Amino acid sequence: MHQPLIMSEIIQDERPRSYGEKLDAYRAAAWATYKSKPMSHWILLTLSSGAMLIAFPASSLLSRVYYSNGGTSKWIISWVAVAGWPIPALVLIPMYAVLGIFPTPLTFNLVISYITLGFLSAADNLMYAYGYAYLPASTASLLGSTSLIFSAIFGYFLVKNKINASTINAIVLITAAMAIIALDSASDRYGSVTDKQYAMGFVWNVLGSMLHGLIFALSELVFVKLLGRRSFHVVLEQQVMVSLFAFMFTTIGLVLNNDFQTMASEATSFKGGRSSYLSVLIWGVITFQLGVLGATAVLFLASTVLAGVVNSIRVPLTSIAAVILLNDPMSGFKILSLVITFWGFGSYIYGNYHASKDSS
């Protein structure tokens, strides 16, 4: 099993006294960490981090473009989020042959866990779809950061993860940032969106973040209780199976809501025509799965701390891109909320970094 890279392990117990000595020590640690892994490792880690930083913001912007250019269905966007489940499967299947490994045996409990997580993921995507239908992409991205709060809370109760002072500080800061956005709703709304729709998008987005936190904790519980290991191909197997079941549940909802027929009518009235409509949906499918695949690789190749760092950078990137590309409203209160959210992420990352260093 791969162990996370922690540069502080390489630094000797004797602490340097001056700032220059500290800087030299960290440079030496960084160089030693770099030399401890082959070049292929760092190339893959760079590509994986890049996938998170590009694909996740792109999928968020595409969801908003779908609604702003004439799309109306919540089920279609939910379906787009999981329709790319074969993409990680295309990475997983060759691994069996190249590495000479076998698929993890499917026990009854494991199948039930995948079905449950798939159903919850389908519901989660539907909630986020309501958020992107009625909120600016920058706002929806900021609200999505509350999943960190719920991940910590559910992780504490379900997986017995520890909550330290830095985590509590992060929870308070991110909650305050969301309250600021709620109070500034008057300047953070598209003209075509009513007060009721904005409130609905706000609530569903937060509920989606809460469910996302629960899914994250339950996924970790599956590894602890049922799988007992966390290798790259096992993580990919879980991603493929959960996405497959989420795809099945979402497809059922799509059929019952007659949204396959809606696709045909939306394509004709969509701004830019049928080709633009298909481009938004297809690229939405690709970018979402590439983002998840990149996050999976970062978790495996480095640590949850680095994944948290990359994820925290993703939030302001999405907000800035939405303002530039989609002309999202960006008031002083939203900027303040963005800064506080980033501060909350930093507090969480700092606390968990030191916790992992102490446990090692």
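**A walk through the interior**

Of the contacts in the chain with a separation of 6 or more, 84% are between residues 24 or more positions apart. Please keep in mind that this is a predicted model. The chain has 14 helices and zero strands, so that, by the way helices and strands are assigned, the pattern along the sequence reads α-α-α-α-α-α-α-α-α-α-α-α-α-α. Of its 360 residues, 48% count as buried.

How far can you trust the picture? The average pLDDT of the chain is 85, and 88% of the residues score at least 70. Over residues 1-14, however, the pLDDT is below 50, and this stretch has 28 contacts in the model beyond near neighbours in sequence. Among the helices, confidence is lowest in α1 (residues 19-35), with a mean of 70, and highest in α3 (residues 74-82), with 96.

Now to the inside itself. The largest nonpolar core has 47 residues. Tyr66, Tyr67, Ile76, Met178 and Tyr277 are the ones with the most contacts inside this core. Helix α8 (residues 165-183) gives the most to the core, namely seven residues. A second, separate core has 17 residues, including Trp42, Phe56, Val240 and Val310.

Setting aside residues up to four places away in sequence, methionine 178 touches Leu142, Leu143, Ser145, Thr146, Phe202, Ser337 and Thr341. If you select methionine 178 in the viewer, you can look for these neighbours around it, among them Phe202 and Thr341.

Serine 60 sits in helix α2 (residues 39-68). Its relative accessibility is 8%, under the 20% cut-off, so serine 60 counts as buried. Apart from residues up to four places away in sequence, serine 60 touches Tyr132, Ala137 and Thr318.

Glycine 351 is another stop on the tour. You will find glycine 351 in helix α14, which spans residues 332-359. With a relative accessible area of 7%, again under 20%, glycine 351 is therefore buried. Leaving aside neighbours within four places in sequence, glycine 351 is in contact with Asn164 and Ser166.

For contrast, let us step out to the surface. The chain exposes about 18,000 Å², and carbon and sulfur atoms supply 69% of that area. Nonpolar side chains are found here too: Ile153, Tyr156, Phe157 and Leu158 form a surface patch, with about 370 Å² of accessible area together. Tyrosine 156 belongs to helix α7 (residues 147-158). At 41% relative accessibility, which lies between 20% and 50%, tyrosine 156 is therefore partly exposed.

What about charges? Side chains of opposite charge can pair when their charged atoms come close. The count here comes to one salt bridge. Arginine 189 and aspartate 195 form this salt bridge, and their closest N and O atoms are 2.9 Å apart. Arginine 189 is partly exposed, at 27% relative accessibility, whereas aspartate 195 is exposed, at 53%.

Two loop residues complete the tour. Most residues other than glycine have a negative phi. Asparagine 258, in the loop between α10 (232-256) and α11 (259-269), has a positive phi, near 60°. Asparagine 327, in the loop between α13 (304-326) and α14 (332-359), also has a positive phi, near 55°. Asparagine 258 is partly exposed at 46% relative accessibility, while asparagine 327 is exposed at 63%.

Terms used
Residues are numbered from 1 along each chain as its sequence is written. This is a predicted model: local features need pLDDT of at least 70, side-chain atom pairs count only at pLDDT 80 or more; totals for chains, interfaces and linings use all residues. Side-chain values use heavy atoms; hydrogens and water are left out. pLDDT is the predictor's confidence in each residue, from 0 to 100. Helices (H or I, at least four residues) and strands (E, at least two) are DSSP runs, numbered from the N terminus. Contact means heavy atoms within 4.5 Å. Buried means under 20% relative accessible area, exposed over 50%, partly exposed in between (1.4 Å probe, protein chains only). A nonpolar core is a set of buried Ala, Val, Leu, Ile, Met, Phe, Trp, Tyr and Cys residues joined through side-chain atoms within 4.5 Å. Patches are made of residues with over 30% relative accessible area and no salt bridge: like charges are joined within 9 Å, nonpolar side chains (Val, Leu, Ile, Met, Phe, Trp, Tyr) within 5 Å. Accessible areas come from the Shrake-Rupley method with a 1.4 Å probe; for residues, only the protein chains shown count as cover. A salt bridge is a side-chain nitrogen of Lys or Arg within 4 Å of a carboxyl oxygen of Asp or Glu.
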